[in-house]
Amino acid sequence: MKVHQAFKAALATSLCLTAFAGGAMAQVKGAWQNNKLSPDERARLLDAELTLDERIGLLHGPMALTFPGAPPIPEGAVPGAGYIPGVPRLGIPALKETDASLGVTNPGNARPGDTATALPSGLALASTFNPKLAYDGGAAIAKEAASKGFNVLLAGGVNLARDPRNGRNFEYLGEDPLLAGTLAGESIRGIESQNIISTVKHFSLNGQETNRHWANSIIGEAAHRESDLLAFQIAIERGQPGSVMCAYNLVNGDYSCGNDHLLNKVLKGDWGYKGWVMSDWGAVHATDFALKGLDQQSGQQLDQQIWFGEPLKQAVAAGTVPAERLSDMSRRILRSMFVAGLFDGKPGTPAVDLNAHAAIAKQVSDEGIVLLTNNKGLLPLAGGAKKIAVIGGHADAGVLSGAGSSQVTSIGGNPASIPVGGEGMMATWMKQVFHNSSPLKALKERLPDATVTFNDGRYPAAAAALAKQSDIVIIFANQWMAEGADAFDISLPQGQNELIEAVTTANPNNIVVLQTGGPVAMPWLDKTGAVLAAWYSGQKGGESIADVITGKVNPSGRLPVTFPTGLDQYPRQDLPGWGLPNKQQFDVVYEEGSDVGYRRFAAKGMKPLFPFGHGLSYTTFAYDKLKVKGGETLEVSFQVTNTGKLQGKDAPQIYLAGANGQKLQRLIGFEKIDLKPGERRTVTIKADPRLLARFDEKGRQWHIAGGDYDVVVGPSASTTVLSGKAKVSERTLKP
């Protein structure tokens, strides 16, 4: 939408402007055009001008895609995830929505030939432990969204990884509320910096894809506040998203999108959230969801009916939905539009530097690759290797990506697409897509003096024979994950464990590269020379993998999720809801409460395969000079020194280890630092007091017990290098 001021700011209350909304042009004037007023006041003034039908029109909209038997895409819509028509009479622009966190999607090639920068997966971003990269990536995809005509990004996935089988874990940011909330918040802040509205999603406890519409997440209030809700709260505080997207699942018996406790009492009440709540696509089940906190019905073709259309209008006429509540719904939407500058000629059509965006994608994948093991210093590869075998994983074609609504059609096109099969709403996305960044090609370019030979890995015996003839063997193993489908277990599928076993037995000088959507079991680990977790590494992933293997990039990724020895280390060994009839509701009991991931491992005294925060480097780091100050919270400072011979990046982590003699474990701080050999730097963090507190359900507030608080510093959740303590004052905090 373009806005042209006709008079100077001194006459702002009587401005006349030309506005474009949904392709229509209107001459409008009104006090809400005064951009010196607050977004709240502007929204109040403009909302008062809406007719009932205009207000209802802002509260629901379709997917902007062609459906059999459905009306055509609305005029003025950009084909994509969603569309909410504007009000041309008042110059209110339409909301044009696209997925999402990993780049601007093009579902079903709805915009023929349109491509976009494909960022690495959320878990890869989380592995960087680098908030700046989250911000830069958010700003980059927002610029691309604006250039394509969108003004809303359905981004900001922050659900904690409670189960390693969750098909959407790859989109999210790990198992810790501070890490996930911080990075999601920075990504959202980057998006909003470009005058694009961002969501944060999926609120809350959208922890699995199996029968996700009928999964009832059961959790105590304190446990919820201290884990998933805290991640959302941090993300909202840092990023200030214009909208919160509620989820498909139920929470404690009520659908997330019709959950009065979550939406009215927590989000809008305790947290004072001023934006609007939009539904996930197909997550609305009744008109009275409006009374329970939902403000807008999205993707209305996927619901049983348009609940927020004529039924809502009738409910207002009957008085069952108060007119003031209806006005509150539309005001919230308008407020976020004012905050984003949509009435002031923004976001416009920015110039997009795709090379700069590719560089951001490359840096995320560089810093997101985690070196899990490096036995006998096999990596980085020495120049003496002359015969190198690359086996499996379609490494000749590109790098794997996760599937679903986050699937990006990357710059350069997708060279390989392998149908998986499936039924239902997500069947369209059930295919393995490889971004056009071949690790094999990149390795050949970086190793010009070596003979690099590829074997597809279909026959383990043939792969083992090639391995025996080679100096080094690099094995690629894939775990494809997708929205709408959980993994049944954490094994590598399609016989890949047998392939790795055969190859590692044939040649001990081996490197395993994992392209996965989460933790996987590694029964062959003791036979490997080195293991890399590359996740889904985006459109420059092949180059990043090759650069880490050859030493051009010093690995600095750290695990944002715990790698278990097996599913028996998780509270739910059977996948909840698996095999149940369609539409049969079932409970997912989160008995671990707030002890998600590494916290539960610590509480149970279990040893994981690889701990949260783990990751190796080609250099070494030392920590010393710890200082811990108490008071209203903890302030921790220490020095980090690069004691090796190479420049490298470290991600030192600070954990709360105990309070008044009670042992526990919580990440309370981290920082990504880049050090030259011999360089020292002081790291100082001030802990968010909520990370020291327990949530008092009865008093509906955070409570910090006064006393001694123990702090440890180390390179992972399982390794302590420094320890100290300080006294913290007793206090309560608002919820």
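Predicted model: local features only at pLDDT ≥ 70, side-chain atom pairs only at ≥ 80, totals over all residues.

Visitor: How many disulfides does the count come to?

Guide: The count comes to one disulfide, where a disulfide is a pair of cysteine sulfur atoms within 2.5 Å. The bond joins cysteine 246 to cysteine 257, with an S to S distance of 2.1 Å.

Visitor: Where do cysteine 246 and cysteine 257 lie?

Guide: Cysteine 246 is in strand S9 (residues 243–246), while cysteine 257 is in the loop between strand S11 (254–255) and helix H8 (260–270), so the pair ties together parts that are 11 residues apart in sequence. Helices (H or I, at least four residues) and strands (E, at least two) are DSSP runs, numbered from the N terminus.

Visitor: Is the disulfide right-handed or left-handed, and why?

Guide: The disulfide is right-handed, because the torsion about the S-S bond of cysteine 246 and cysteine 257 is about 105°.

Visitor: Is cysteine 246 buried or exposed?

Guide: Cysteine 246 is buried, at 0% relative accessibility. Cysteine 257 is buried as well, with a relative accessible area of 0%. Here buried means under 20% relative accessible area, exposed over 50%, and partly exposed in between (1.4 Å probe, protein chains only).

Visitor: Changing topic, at what angle do helix H4 and helix H5 pack?

Guide: Helix H4 (residues 131–147) and helix H5 (residues 177–192) pack at about 35°, and their axes are 7 Å apart. Axes are lines fitted to C-alpha atoms, for helices over the stretch in contact, and angles run from 0 to 180 degrees between N-to-C directions.

Visitor: Which residues meet there?

Guide: From H4, the residues are Pro131, Ala134, Tyr135, Gly138, Ala139 and Ala142; from H5, they are Thr182, Leu183, Glu186, Ser187, Arg189, Gly190 and Ile191. Contact means heavy atoms within 4.5 Å. By class, the contact of H4 with H5 has seven nonpolar, four polar and two charged residues. Ala, Val, Leu, Ile, Met, Phe, Trp, Tyr, Cys and Pro count as nonpolar, Asp, Glu, Lys and Arg as charged, and the others, Gly among them, as polar.

Visitor: On to the strands: what is the order in the open sheet of three strands?

Guide: The order is S30-S31-S34, with antiparallel pairing. Strand S30 (694–696) and strand S34 (731–733) are at the edges with a single partner strand each, so one side of each has no neighbour in the sheet. From one strand to the next, the twist averages 35°. Two strands pair if DSSP finds at least two bridges between them.

Visitor: How many bridges join S31 to S34?

Guide: Three bridges join strand S31 (residues 701–704) to S34. Tryptophan 702 stands opposite leucine 733 in S34.

Visitor: And what do S23 and S24 form?

Guide: They form a hairpin with five residues between the strands, and glycine 631 in the turn has a positive phi of about 115°. Strand S23 (residues 621–629) and strand S24 (residues 635–642) run antiparallel and are joined by seven bridges. Phenylalanine 621 has asparagine 642 in S24 as its bridge partner.

Visitor: What is the phi of histidine 394?

Guide: Histidine 394 has a positive phi of about 55°, although it is not a glycine. Histidine 394 is in the loop between strand S14 (387–391) and strand S15 (399–400) and is partly exposed at 38% relative accessibility.

Conventions. Residues numbered from 1 in each chain as written. Heavy atoms only, no water.
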